[in-house]
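Work through the exercises below with the sequence and the 3D view side by side, and try each task before reading its solution.

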Amino acid sequence: MKEFKYVITDELGLHARPAGQLVKAASGYTSDVKLTVNGTTVDAKRIMGVMRLAAKKGHEMTVTCSGVDEEKAASELEAFVKANL
């Protein structure tokens with residue numbers, strides 16, 4: 001299992017467009033990818049779950065990857081959130 005934390009810096013938080021992009025990116029891996037914000041954990045491959053987090057600027061998000069390609073998933077998703085959130 002690989003995990004990283006990221007504090008959202010986007011003024012609009014995790015709104016529809018970046019949430020959709022994050023789901024698309026997470027869906028490219030066979031590993032399970034989970035997002036946790038404020039004690040709520042959701043499947044990062046499901047747009048409704050990601051939107052339900054209602055993550056705002058300043059919220060800390062924990063991304064957990066577990067599976068056969070977890071190292072690649074964690075590394076690439078960390079780069080994605082840093083560039084987009």
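Predicted model: local features only at pLDDT ≥ 70, side-chain atom pairs only at ≥ 80, totals over all residues.

**Exercise 1. Describe how H1 passes H3, and find the residues that meet between them.**

Solution. Start with the handedness: H1 passes H3 in a right-handed crossing, a crossing being right-handed if the near helix is turned clockwise from the far one by less than a right angle, and left-handed if anticlockwise. Residues are numbered from 1 along each chain as its sequence is written, and side-chain values use heavy atoms, with hydrogens and water left out.

Next, take the angle: H1 and H3 pack at about 165°, with their axes 11 Å apart, where axes are lines fitted to C-alpha atoms, for helices over the stretch in contact, and angles run from 0 to 180 degrees between N-to-C directions. That makes H1 roughly antiparallel to H3, since angles over 145 degrees count as roughly antiparallel, under 35 as roughly parallel, 65 to 115 as roughly perpendicular and the rest as oblique.

Finally, list the meeting residues: Pro18, Gln21, Leu22, Ala25 and Ala26 in H1 meet Leu77, Phe80, Val81 and Asn84 in H3, with contact meaning heavy atoms within 4.5 Å.

**Exercise 2. Which residues of H1 are buried, and what covers them?**

Solution. In H1, which runs over residues 16-26, the buried residues are Pro18, Ala19, Leu22, Val23 and Ala26; buried means under 20% relative accessible area, exposed over 50%, and partly exposed in between, with a 1.4 Å probe and protein chains only. Seen down the axis of H1, these residues fall within an arc of 140°, so they line one face of the helix, the arc being that of the directions from the helix axis to the C-beta atoms. On the face turned away from this buried side, H1 carries the exposed residues Arg17 and Lys24. The cover over the buried residues of H1 includes strand E2 (32-37), helix H2 (47-52) and helix H3 (70-84).

**Exercise 3. Check the span of H3, then sort its residues by face.**

Solution. First, the 15 residues of H3 should span 21 Å at 1.5 Å a residue, and the end C-alpha atoms are 20 Å apart, which agrees; the expected span is 1.5 Å times one less than the number of residues. Second, Glu70, Ala73, Ala74, Leu77, Phe80 and Val81 are the buried residues of H3. They cover an arc of only 130° around the axis, which puts them on the same side of H3. Third, the face turned away from that side carries the exposed residues Glu71, Lys82 and Ala83. Last, the buried residues of H3 pack against strand E1 (2-7), H1, E2 and E4.

**Exercise 4. Is Val50 buried or exposed, and which residues does it contact?**

Solution. Val50 is found in helix H2, and at 0% relative accessibility this residue counts as buried. Leaving aside neighbours within four places in sequence, Val50 is in contact with Leu14, Ala19, Val23, Leu35, Val42, Asp43 and Ala44. For one of these, Leu35, the C-alpha atom is separated from that of Val50 by 7.6 Å, although the two residues are 15 apart along the chain.

**Exercise 5. Compare the places of Asn38 and Ala54, whose phi values are both positive.**

Solution. Most residues other than glycine have a negative phi. Asn38, however, has a phi near 50°, and Ala54 also has a phi near 50°. Asn38 is found in the loop between E2 and strand E3 (40-43), and is exposed, with a relative accessible area of 61%. Ala54 has its place in the loop between H2 and strand E4 (60-66), and is partly exposed, with a relative accessible area of 41%.

**Exercise 6. Where is His59, and which residues does it touch?**

Solution. His59 lies in the loop between H2 and E4 and is partly exposed, with a relative accessible area of 22%. Not counting residues up to four places away in sequence, His59 touches Tyr6, Val7, Ile8, Val37, Asn38 and Ala54.

Conventions: Helix = DSSP H or I, 4+ residues; strand = E, 2+ residues; numbered from the N terminus.
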